[in-house]
Amino acid sequence: MFCHFRKRGKKHLVKRGGVSLSSVCGQAPLNSRIVGGQEAPGGNWPWQVGLFYWPSFLCGATLINQEWVLTAAHCVRHNDTRWLVLFFGMQSLSIMTAKETYRFVEEIVIHPDYVLRTSDNDIALLRFSPPLNYTDYIRPICLADSDSTFNNATEAWATGFGLIGRQELPPPPHALREVEVPILGNRQCNCYYGVGTITDNMMCAGLPAGGKDTCEGDLGGPLMSKQSGRWILAGVASYGSECGKPLFPGVYTRVSRYQSWIDTYTSGDRQWHSHPVLFFPPLLPSPLPLTVSPPLLLETSSYMS
């Protein structure tokens, strides 16, 4: 395979109609470092979720409806819901505000074809209860459907609470960070990682020169692109080689490949019940003292040294 690339334009977005829409998905009313990024203003990314193995931060996740989130399979591969807690509306790992709420994970659905060794099909669904009420700080993202195409150089954003460099935590209060990264075509990405490494179930985003990337703790979180005023979930952060390393962009699970699988579990005809946004499970104190554990972030990461 010869790795020669042609430059393409920057205005390639999802195919028109290639989006699974609900009435509120992908709309961030308050949206006017990850490696090389910056702190995200409050409410910019209302679908960002923090997944904790209590009391330590574990991974990112993305809200897709009132009782399901998407994350990476490697984050929950032990398939144990005990002590798994999801935080919604978070802006900081260290400070809890009245805009946040949390839920216990009640069910883990790992994709049946997930392969730990290759990270193929690195995607999982987590069900929580009770269902959420949406606010300006807690909303679902739209999902790219099976017809979606994200071409080379498509503008995208990644968000997360992870490290800002190898084994380097962001400064207190450990705020949510955002970074803009362009989509890289799979052919080009395969040349960087080795032919056959990047499957059709994956996609890559980042700069060939490095410096902008997700890192440990960001995995499981969203890669997003905007179309017609709505944010579309293109990928789930899966793995990389170190963080922001030149010629090794971040690798993401391609969400559009999983429309039928996601719909199988999340599209049931459910009756939504009203619950207060600030719901505190009886087994955990309120407010919760959050902790950040670098060893746990490293232990669960899919970043290669």
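A polar contact is a pair of N or O atoms within 3.5 Å, where, within protein, one must be able to donate a hydrogen and the other to accept it. In this predicted model, such a contact is found at Thr-71, where a polar atom of the side chain lies 2.8 Å from the backbone oxygen of Gly-60. Thr-71 belongs to strand 5, which spans residues 68-71, and its relative accessible area of 0% places it under the 20% limit, so Thr-71 counts as buried. Once its neighbours within four places in sequence are left aside, Thr-71 is in contact with Leu-51, Cys-59, Gly-60, Ala-61, Val-76, Asp-122, Ile-123, Ala-124, Leu-126, Gly-220 and Val-236.

One of those contacts of Thr-71, Cys-59, leads on to the disulfides, of which a search of the whole structure finds 3. Cys-59 is joined to Cys-75 with an S to S distance of 2.1 Å, and the link is left-handed, with -90° about the S-S bond. Because Cys-59 lies in strand 4 (residues 56-65) while Cys-75 sits in the loop between strand 5 and strand 6 (84-88), the pair ties together parts that are 16 residues apart in sequence. Both of these cysteines, Cys-59 and Cys-75, are buried.

A disulfide also joins Cys-189 to Cys-204, with the sulfur atoms 2.0 Å apart; the torsion about this S-S bond is about -85°, and the disulfide is therefore left-handed. The pair links distant parts of the chain, since Cys-189 is in helix 1 (residues 186-193) and Cys-204 in strand 12 (residues 202-205), 15 residues apart. Cys-189 counts as buried at 0% relative accessibility, and Cys-204 is likewise buried, with a relative accessible area of 0%.

The link of Cys-25 and Cys-142, in turn, has an S to S distance of 2.0 Å and is right-handed, with 90° about the S-S bond. Cys-25 is buried, with a relative accessible area of 2%, and Cys-142 is buried at 0%.

Rolling a probe the size of a water molecule over the atoms shows where empty space is left. The largest cavity holds about 50 Å³ of space, and the residues that line this cavity are Gly-43, Trp-45, Pro-46, Gln-48, Gly-89, Met-90, Gln-91, Tyr-137 and Leu-176. By residue class, the lining of the largest cavity divides into 5 nonpolar and 4 polar residues, with no charged residue.

Note on methods: Residues are numbered from 1 along each chain as its sequence is written. This is a predicted model: local features need pLDDT of at least 70, side-chain atom pairs count only at pLDDT 80 or more; totals for chains, interfaces and linings use all residues. Side-chain values use heavy atoms; hydrogens and water are left out. On a 1 Å grid over the protein atoms alone, a cavity is a set of points where a 1.4 Å probe fits but cannot get out, and a pocket is an open set with protein on both sides within 12 Å along at least five of seven lines; lining residues have an atom within 4 Å of a point. Grid points are joined across faces, edges and corners, and a volume is the space filled by probe spheres set on the points. Ala, Val, Leu, Ile, Met, Phe, Trp, Tyr, Cys and Pro count as nonpolar, Asp, Glu, Lys and Arg as charged, and the others, Gly among them, as polar. Helices (H or I, at least four residues) and strands (E, at least two) are DSSP runs, numbered from the N terminus. Buried means under 20% relative accessible area, exposed over 50%, partly exposed in between (1.4 Å probe, protein chains only). Contact means heavy atoms within 4.5 Å. A disulfide is a pair of cysteine sulfur atoms within 2.5 Å.
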